Amino acid sequence: MKIIRRKGTIAAVGIILLIVIITTIACWHGIGTLFASGKYDNEQNMVETIMDKTATPGVAIVSSKQGKSEFKVYGYADVDQKKQVTEESLFELGSTTKAFTALAIILLQEEGALAYSDYISDYLPWFAPTYKGEKTKISINQLLAHTSGIPSWSIRLIPEGIAEGMLGTTIHKISDIALDTYPGTEHLYATVNYDILAMIIEQVTGISYQDYVTQHILVPLGMTDSYFSTGQEKKPDQLTQGYRVFFGKSLAYNAPRYYGNIAAGYLVTNIKDLEHWINAQMGISDVPDNLKNAIQQSHEVDIRAAGYEAKNQYYSFGWNNDRVNRVISHSGSNPNYSSQVIIDLERQEAVFALANLNSTAPSLIAKNKYEQMNGNPMHNFKYDDSYIIIDLVSSFLVLLAAIGITLKVIKLTGVKNQNIIDENARRRKRIRARITLLFRALLLVVVLIWPYLLNYNYNMISVWMSYSVLLSMGLAAISCMLSIILACINCSCLKKSCYKLID
């Protein structure tokens, strides 16, 4: 008996050590770079430090100061192919696309094709959301400011697909949605607001959203490399490979396509084209008069219609707008890309950063670059990248779950038939087994349903989060089920002849 117990213990320790070693090796780079101090004495060191800490493969930056532009590129457009990022490398913008959509609405308003006060139902009669059970109406300016009341979690209702009718399918899917707040009363960021705007653009113009924006904004600005990703176009050689984080490292990731979300996040561009965009915002480039006037209007804030974010901070026309300092900005995230733009209209300074991973890297880099342009010190990484933190926590949970599963499997293989004669011992064992059974059953339920408690679902997690999240959930569920099986075996002590585990 002692020999068997000793062999089982040695096997358990060996398996656990192997799991710990494998997991540590997999996460070592991520752990090491995350907690290393890094360097922030110049721009290059700052960018490379942040890229290491966020596991970001490639970054492209364009900055402009009083009309003088500068391009900087770092890392890989494709890691496997050792393809470097260049000025021509293309990235998906994510939500920084919204300013282009808002600009299209302004152009149509200036032409008299629509008014900001118009309701969605004026163009889409079947669109009938409710608030507290009563049908209500949402206006165009409420969509622009994210004050429609449409909940933020509505992003999970956007269906995957690249068919031409996906925009209409998306809007129909939320047409009767229950609003979180009454329209016009509170700022609540919901990406689908801008998809509805795209649908209105198509109804007013009779052409596709992407064709209208291309003809009236991209081409006049000279953004000839830019296009909207529908999933139907042929990918150009300049398109960077997108990535997602896993065990502290970046893995190539071809994310699902959501044509229904095109107006809120799927403009593809490079820093050469974005130079035209940021200079146009600052009024230091040759732009057609109607477009120039529309751009200037997009910087104006009507506090009666804008979304209030904080003191002197408003959301208006696809921009986070600081009215006092006259600084507009926006961040963008797609499942495998991210971006950040900051434009100081007063000083005529701007920076736009792009990355081929969904992380806070572009935001941290752009903010530090902006501080540097104004003679201020750059800030250290503050460990606030939620995607990296979630990945590291999930990786640690994977380790714990794997160890737990190993121990439970070893226990299960050590079951033998044994009589427990003492009634008090049987009663105590029965109580402990039932408590364990109840606790593990509840934990299993929590593991399985927590995404829905946060208004997520498994599809959102699989698309937006690290693979380690799903892996940790799966292993935790298996661990709980094994614990339930063990508890059920122990509950068999209700019988005189019962099972007991080898200690």
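# Reading a predicted model, feature by feature

User: Where is the place of arginine 326?

Analyst: Arginine 326 lies in the loop between strand 13 (319-322) and strand 14 (327-334). Strands (E, at least two residues) and helices (H or I, at least four residues) are DSSP runs, numbered from the N terminus. This is a predicted model, in which local features need pLDDT of at least 70 and side-chain atom pairs count only at pLDDT 80 or more, while totals for chains, interfaces and linings use all residues. Residues are numbered from 1 along each chain as its sequence is written, and side-chain values use heavy atoms, with hydrogens and water left out.

User: What is the phi of arginine 326?

Analyst: Most residues other than glycine have a negative phi. Arginine 326 is not a glycine, yet its phi is positive, near 55°. Arginine 326 is partly exposed, because its relative accessibility is 39%; buried means under 20% relative accessible area, exposed over 50%, and partly exposed in between (1.4 Å probe, protein chains only).

User: Where is lysine 82 found, and is it buried or exposed?

Analyst: Lysine 82 sits in the loop between strand 2 and strand 3 (83-84). With a relative accessible area of 56%, lysine 82 is exposed. Its phi is positive, about 55°, although lysine 82 is not a glycine.

User: How many helices and strands does the protein have?

Analyst: There are 15 helices and 18 strands in the protein. Of its 503 residues, 53% are buried. A contact means heavy atoms within 4.5 Å. Among the contacts in the protein with a separation of 6 or more, 70% are between residues 24 or more positions apart.

User: How many bridges join strand 1 to strand 2?

Analyst: Two strands pair if DSSP finds at least two bridges between them. Strand 1 and strand 2 (residues 68-78) run antiparallel and are joined by eight bridges. In their hairpin, which has two residues between the strands, glutamine 66 takes a positive phi near 50°. Strand 1 also pairs in the antiparallel sense with strand 16 (residues 349-355), over seven bridges.

User: Which residues stand opposite valine 62 in strands 2 and 16?

Analyst: In strand 2 the bridge partner of valine 62 is phenylalanine 71, and in strand 16 valine 62 stands opposite phenylalanine 352. Seven of the eight residues of strand 1 (residues 58-65) are buried, so strand 1 is largely enclosed by the rest of the structure.

User: What is in contact with glutamate 275, leaving aside its neighbours within four places in sequence?

Analyst: Val62, Ser69 and Phe71 are in contact with glutamate 275. Glutamate 275 belongs to helix 9 (residues 271-281). A salt bridge is a side-chain nitrogen of Lys or Arg within 4 Å of a carboxyl oxygen of Asp or Glu. For charge, Lys and Arg count as positive and Asp and Glu as negative, while His and the chain ends are not counted. Glutamate 275 is buried yet has no salt bridge, and the nearest side chain of opposite charge, lysine 272, is 7.7 Å away.

User: How far does helix 3 reach from its first C-alpha to its last?

Analyst: The expected span of a helix is 1.5 Å times one less than its number of residues. Helix 3 (residues 98-110), with 13 residues, reaches 19 Å, close to the 18 Å expected. Eleven of the 13 residues of helix 3 are buried, so helix 3 is largely enclosed by the rest of the structure. Glycine 112, which follows helix 3, has a positive phi near 85°.

User: Is isoleucine 196 buried or exposed, and what is it in contact with?

Analyst: Isoleucine 196, in helix 6 (residues 192-205), counts as buried because its relative accessibility is 0%. Leaving aside neighbours within four places in sequence, isoleucine 196 is in contact with residues including Ile120, Leu124 and Phe127.
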